[in-house]
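Hi everyone, thanks for coming. Please bring up the sequence and the model, and we'll walk through them together.

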Amino acid sequence: MLRVLTISIGSIALAQAAQAQVDDPDLLFGGSPVNKRYQFFSGGYSGGYSGGYSGAATRTTVTIPGSYKPGSIFINTSERRLYFMLGNGQAVRYGIGVGRDGFRWSGVHRVTAKKEWPNWTPPAQMLRRRPDLPRHMKGGEDNPLGARALYLGSTLYRIHGSNEPETIGQAVSSGCFRMTNADVIDLYDRVQVGATVIVKN
């Protein structure tokens, strides 16, 4: 049974989403992909919303203020939380990993595609910096995109799973939002293509 909490996100001031060029949107923290079996991860968060980052959050249902369209996603990067809006002031809250310094962004996009066990092809810019990386990785348990991926507009950004669940709650990516595989599967099953995604720093 999911716990129900009351939180305050505050007002959301959004700019138009910048089309930032990301050279390595799916770069793993600390280097090349590791051959590690993904694990389902429950996180270690306990307690209510405190207005700031407090570690990897356990998936839970919360009550939030404001009028958010059911089925939309709100991401608070400073809080390192993602909210899927259920309607009637309720949302499912997930812990996420976010972009490291210099790679955070804000704006509004839509989910333009959904993929199960997505393949990963590092872009050319990334390969120039990291020639040791594979040119292509098929989807699977060792793939850095994890079990599911939601693609955001025409950007290189994704909401995706991870084969490094210990990085959830950290700022380690190049703009993508990481989730545990258990959480991204749960979110994937809820989200429809075309859903609005609001990102706030």
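Is Asp-183 buried or exposed? Keep your guess in mind while I say what we are looking at. This is a predicted model, in which local features need pLDDT of at least 70 and side-chain atom pairs count only at pLDDT 80 or more, while totals for chains, interfaces and linings use all residues. Residues are numbered from 1 along each chain as its sequence is written, and side-chain values use heavy atoms, with hydrogens and water left out.

Now the answer: Asp-183 is buried, with a relative accessible area of 5%. Here buried means under 20% relative accessible area, exposed means over 50%, and partly exposed is in between, using a 1.4 Å probe and protein chains only.

Let's step back to the overall layout. The protein has two helices and twelve strands. Helices (H or I, at least four residues) and strands (E, at least two) are DSSP runs, numbered from the N terminus. Read from that end, the order is β-β-β-β-β-β-β-α-β-β-β-β-α-β. Of the 201 residues, 51% are buried. A contact means heavy atoms within 4.5 Å. Among contacts between residues at least 6 apart in sequence, 71% join residues at least 24 apart.

Back to Asp-183, which has a partner. Arg-59 forms a salt bridge with Asp-183, and their closest N and O atoms are 2.5 Å apart. Arg-59 sits in the loop between strand 1 (4-6) and strand 2 (60-63), and Asp-183 is in helix 2 (residues 181-190), so the pair ties together parts that are 124 residues apart in sequence. By salt bridge I mean a side-chain nitrogen of Lys or Arg within 4 Å of a carboxyl oxygen of Asp or Glu. Arg-59 itself is partly exposed, at 27% relative accessibility. A network of salt bridges links Arg-59, Asp-183, Asp-186 and Arg-190. The count for the protein is seven salt bridges. Another one joins Asp-101 and Arg-104 at 3.1 Å, N to O; there Asp-101 is exposed at 61%, and Arg-104 is partly exposed at 37%.

Next, the inside. Which residues touch the most other members of the largest nonpolar core? Among its 24 residues, they are Ile-73, Ile-75, Leu-82, Ile-159, Phe-177 and Leu-187. Helix 2 gives the most to this core, with three residues. A nonpolar core is a set of buried Ala, Val, Leu, Ile, Met, Phe, Trp, Tyr and Cys residues joined through side-chain atoms within 4.5 Å. As a general point, in soluble globular proteins nonpolar side chains tend to be buried together.

Take Ile-75 as an example. Leaving aside neighbours within four places in sequence, Ile-75 is in contact with residues including Leu-82, Ile-159, Phe-177 and Val-197. A second, separate core of eight residues includes Tyr-68, Tyr-83, Met-85 and Ile-198.

Finally, look at strand 4. Six of its seven residues are buried, so strand 4 is largely enclosed by the rest of the structure. Strand 3 and strand 4 pair in the antiparallel sense over four bridges, where pairing requires DSSP to find at least two bridges between the strands. Phe-74 has Tyr-83 in strand 4 as its bridge partner. These two strands make a hairpin with four residues between them, and Arg-80 in the turn has a positive phi of about 60°.

On to strand 5: six bridges join it to strand 4, and the two run antiparallel. Met-85 stands opposite Ala-91 in strand 5. This hairpin has two residues between the strands, and Asn-88 takes a positive phi near 55°.
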